[in-house]
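Subject: Structure handover

Hello,

Here is the structure I promised to pass on. My notes on it follow below.

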Amino acid sequence: MKEKLVLIGNGMAGVRTLEELLKVAPDLYDITVFGAEPYGNYNRIMLSPVLAGEKTIDEIMLNDEQWYIDNHITLHKGKEVINIDRSAQKVIASDGTKASYDRLLMATGSTPFIIPCPGHELEGVIGFRDIHDVDKMLEAAKQHQHAVVIGGGLLGLEAANGLMQQGMKVTVLHLMDTLMERQLDSVAGKMLRKSLEDRGLEILMQASTKEIKGQDHVQSVLLEDGREIPAELVVMAVGIRPNIALAEKVGIHCERGIVVNDTMQTFDPKVYAVGECVQHRGQVYGLVAPLFEMGKVCANHLAKMGIGRYEGSMTSTKLKVTGIDLFSAGDFTGGEDTEELVFQDASRGVYRKLVVQDNKLKGAVMYGDTIDGSWYFDLMRDATDISDFRENILFGQAHLGDSGHGDENRIAMMADSAEICGCNGVCKGDIVKAITDKKLFTLEDVRAHTKASSSCGSCTGLVESLLAHTVGGDYSVAPHLKPLCACTEHTHDEIRATIKEKELKSIRSVMDFMEWKTPDGCSKCRPALNYYVMCAWPDAGSDDGQSRFINERAHANIQKDATYSVIPRMWGGGTTPEELRAIADVAEKFNVKTVHVTGGQRIALYGLKKHELPVIWNDLNQAGMVSGHAYGKALRTVKTCVGKEWCRFGTQDSTQLGIELEKMTWGSWTPHKYKMAASGCPRNCAEATIKDFGVVCVDSGYELHVGGNGGIKVRATDFLCAVSTEEEVLEYAAAFMQVYREQAHYLERTAPWIERVGLAHVKEQIVDDADNRVALAERFHFSQKFAQDDPWQQRAQGAEKHEFEPLKQLNA
Amino acid sequence: MSENWIEIGTLSDIPRLGARVVESKQGDIAVFRTADDEVFALRDKCPHKGGPLSQGIVHGKRVACPLHDWKINLDSGLAVAPDEGCAAYYPVKLEGDAVFLSLTPNEGCPN
Ligand SMILES: Cc1cc2nc3c(=O)[nH]c(=O)nc-3n(C[C@H](O)[C@H](O)[C@H](O)COP(=O)(O)OP(=O)(O)OC[C@H]3O[C@@H](n4cnc5c(N)ncnc54)[C@H](O)[C@@H]3O)c2cc1C
Ligand code: SF4
Ligand code: FES
């Protein structure tokens with residue numbers, strides 16, 4: 001017989017936990033849900049748009065009653081649980097319904113705090129928490145004129161805005177002298193106040209409520225200072241309290257909330273709790289993102305998988321009032337040992353404040369233009385060292401040499417038809433529609449449903465902004481909890497460290513040791529693991545061809561029609577008549593449809609059938625040419641200009657330098673494709689400053705540049721250092737490549753990697769620390785011993801034959 | 001319906017977590033081998049934009065299409081939700097080490 005799971009609280013956290021559980025262990029439990037509210041499961045954070053008339057209740061249902069039926073879940077809606085018999089393992093609802101459990105999940109949410117001033121129990125005084133409250137407000141708006149909202153925080157302002165949209169005359173009373181003082185500093189608070197007042201709200205600051213007056217029904221609100229404000233509706237939005245009444249009553253340990261450990265268990269190990277009702281590591285949360293993380297961990301333990309811990313979250317806030325852009329996150333008040341960076345443009349109504357400590361971003365407040373919110377949030381979560389772009393950080397990510405998007409990044413102003421994800425052709429409207437229709441909350445969800453941001457990833461920031469914009473509140477998770485993929489709980493960094501520490505030399509041993517959740521991973525983790533193993537153990541690791549993407553398995557680039565392209569290496573972009581002749585012969589012999597010169601100074605042949613590849617390679621090999629690795633997460637090309645030998649400006653032999661760089665690095669595997677360039681003078685004809693590693697020759701020697709990218713999101717390099725000899729160039733090039741190889745996440749190019757870890761971190765290891773640089777370069781050369789074998793030659797001679805031949809040809 | 005079994009090779013001809021192609025008049029058929037030596041066959045055409053499924057990464061009972069990473073269930077040909085679509089599924093069986101394929105795809109899958 002199945003075990004029984006009972007959920008108390010049919011809200012956002014509890015049901016999300018069930019959804020996660022059904023994903024991983026659909027048949028483990030007989031599930032029963034008690035909800036005090038008479039509905040299925042709805043999106044509480046969308047009550048504000050419902051109140052403002054921008055959405056209907058139907059549009060905000062997350063799981064209707066059919067969902068419970070489809071998943072064989074017994075739903076007792078409109079039934080409040082009033083007791084739990086923990087020894088008999090039974091819950092009892094107010095109407096006498098009983099249910100026994102093997103495991104119990106409490107997700108009772110919060111209750112609005114009601115100021116116990118005289119008159120608070122009068123008809124017409126309500127909180128803002130559920131559909132019932134919204135119904136009452138909509139009803140009041142039809143019949144009455146005046147509303148007072150007590151509390152100028154997030155919820156109060158959303159309520160006030162909604163009531164105003166419904167035609168009421170609304171006064172907000174706020175005790176403090178700054179609106180939303182928990183999220184905003186005084187400048188941003190003032191700006192917010194002004195724009196709300198411009199819209200027609202009346203806002204009274206430092207207004208302390210003395211009494212609510214009326215006979216049966218509320219009539220006015222009396223302030224301490226004697227002012228009296230007419231009101232037929234009073235909404236209290238002065239805070240929420242974790243709803244722990246039931247837990248306390250049955251002796252489950254509570255402090256401010258129900259106390260849980262990292263696995264979401266209460267002091268009674270049969271009883272789990274998630275959501276706003278819990279207190280975890282001293283923290284209580286009032287936003288959905290942390291609750292969803294809790295839900296995921298809890299589901300994992302309910303499914304008896306026993307892995308996954310909740311370690312707390314960092315949250316950010318947005319106000320869901322259409323037309324007002326506001327964002328805050330982290331600690332934005334600062335203190336003695338912090339610095340503030342402030343940008344203010346009163347006429348445009350734009351304000352930004354960043355709080356910085358030890359060159360790390362600690363908090364941010366933004367008003368008027370919040371496009372960079374998710375970027376700042378990432379910098380905070382990842383504790384990125386910002387010293388290198390500190391002077392520009394206030395102007396946003398668009399100003400970090402990212403000339404690719406620049407000002408168009410204004411997500412809010414973008415038309416619905418604006419394309420967000422170029423790879424998959426997804427436009428803004430599609431994404432917004434999916435987020436609202438399919439009730440998506442996370443980047444992963446959006447990727448799964450729309451494909452946006454699932455290919456090259458360069459639009460991830462935009463998608464995140466859209467998500468924040470559409471959902472409101474915070475949707476992201478703390479980074480140390482971001483696993484490599486759904487097959488594991490572990491992060492890239494944890495996996496890399498474990499591979500080294502535990503000397504894991506095959507994908508299988510990593511999966512076994514780190515308790516993979518799937519039998520053999522997926523198309524995301526296997527290539528990553530294979531790379532990590534081979535990077536850590538170039539000599540002893542076992543390279544698993546089946547875990548490489550087809551391009552690397554077949555040593556050619558797969559194209560849209562399932563044919564392949566082949567690009568032989570041309571050292572430093574140079575070639576000879578013999579090579580050109582050989583390429584031309586091959587092109588003729590195999591009827592190549594397209595011969596094309598690539599952006600990296602190589603010649604590509606397109607439209608080849610897979611079984612032709614080994615023969616073509618053989619011909620090219622005969623003419624002395626090897627694989628250009630144009631298909632690999634590997635060194636691709638070293639682009640050069642003609643330099644001193646021919647050019648009247650050239651200061652050094654950039655061509656020869658490029659050839660030497662390429663001879664040293666060809667064949668190496670890297671987390672993502674890797675490109676280099678060498679220019680003979682600062683005119684920089686080889687475009688070295690948009691390469692992963694670029695050399696610009698100058699009179700006195702060589703300037704080294706790193707972290708450039710010419711792709712969708714253009715990024716100019718950061719200046720690493722200047723050196724005076726070619727030997728040094730080679731040593732730095734090897735050391736830099738090795739740091740990147742050892743430390744970046746798989747599929748992370750140098751540009752985002754450097755933005756994540758900070759240039760300072762890279763310089764420390766290869767410019768400031770000579771011993772370390774030499775050691776890195778040595779490790780690079782060591783691994784090259786095993787990598788510099790021409791894969792084309794091996795296959796032309798018969799290796800991996802089965803890859804290139806059909807299993808059988810049938811005449812039927 | 002009676003299946004006409006055709007012997008196409010041995011299990012060891014197909015790499016574990018990999019696939020080989022059988023060429024036929026109806027087009028290429030991809031024959032997959034899972035980690036625990038189960039064998040499946042699908043029309044070698046992804047329901048998305050026709051990517052060659054035989055070239056994808058096999059995991060569990062799924063293959064990830066090499067073109068845009070749709071995941072296709074090997075035992076039904078159905079795309080994994082939220083994607084929708086299906087690649088025709090061909091019956092295969094193992095007799096000892098020998099692999100047999102039937103050229104009669106399952107009904108109801110238009111692709
Ligand atoms: C108007 C509004 C706007 C918001 N906007 C945002 C936002 O923009 N971004 C954001 O991140 N968060 C926002 N929030 C907060 C977010 O909605 C909550 O954090 C989230 O809903 C909490 O989930 P929960 O499951 O813990 O509680 P709830 O969703 O409140 O669910 C608890 C449920 O348990 C039921 N219950 C309680 N006791 C019992 C019992 N004894 N028996 C049976 N049932 C019981 C309650 O009736 C309730 O339905 C907003 C909240 C409100 C009210
Ligand atoms: S970069 Fe300088 S040396 Fe090289 S081709 Fe251009 S101008 Fe000449
Ligand atoms: S063709 Fe298979 S995923 Fe696009």
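Two strands are said to pair if DSSP finds at least two bridges between them. In this predicted model, strand β1 (residues 3-8) and strand β2 (residues 29-35) of chain A are joined by six bridges and run parallel. Within this pair, Ile8(A) has Phe34(A) of β2(A) opposite to it.

Both strands belong to an open sheet of five strands in chain A, ordered β5-β2-β1-β9-β21, and the pairing is parallel. The edges are taken by β5 (73-77) and β21 (271-273) of chain A; each has a single partner strand, so one side of each has no neighbour in the sheet. On average, neighbouring strands of this sheet are turned by 15° against each other, direction ignored.

A helix also packs on this sheet: α8 (residues 288-302) of chain A touches β1, β2, β9 (103-106) and β21 of chain A. The direction of α8 makes about 175° with that of β9(A).

Is Glu552(A) buried or exposed? Its relative accessible area is 7%, and buried means under 20%, so Glu552(A) counts as buried. The side chain of Glu552(A) makes a polar contact of 2.5 Å with the side chain of Arg548(A). Leaving out residues up to four places away in sequence, Glu552(A) touches Tyr631(A), Gly632(A), Lys633(A) and Trp669(A).

Regards

Technical notes. Residues numbered from 1 in each chain as written. Chains lettered and ligands numbered in written order. Predicted model: local features only at pLDDT ≥ 70, side-chain atom pairs only at ≥ 80, totals over all residues. Heavy atoms only, no water. Buried < 20%, exposed > 50% of the residue type's maximum accessible area, 1.4 Å probe, protein only. Polar contact = N/O pair within 3.5 Å; in protein donor to acceptor, adjacent residues only side chain to side chain. Contact = heavy atoms within 4.5 Å. Helix = DSSP H or I, 4+ residues; strand = E, 2+ residues; numbered from the N terminus. Axes fitted to C-alpha atoms, helices over the stretch in contact; angles between N-to-C directions.
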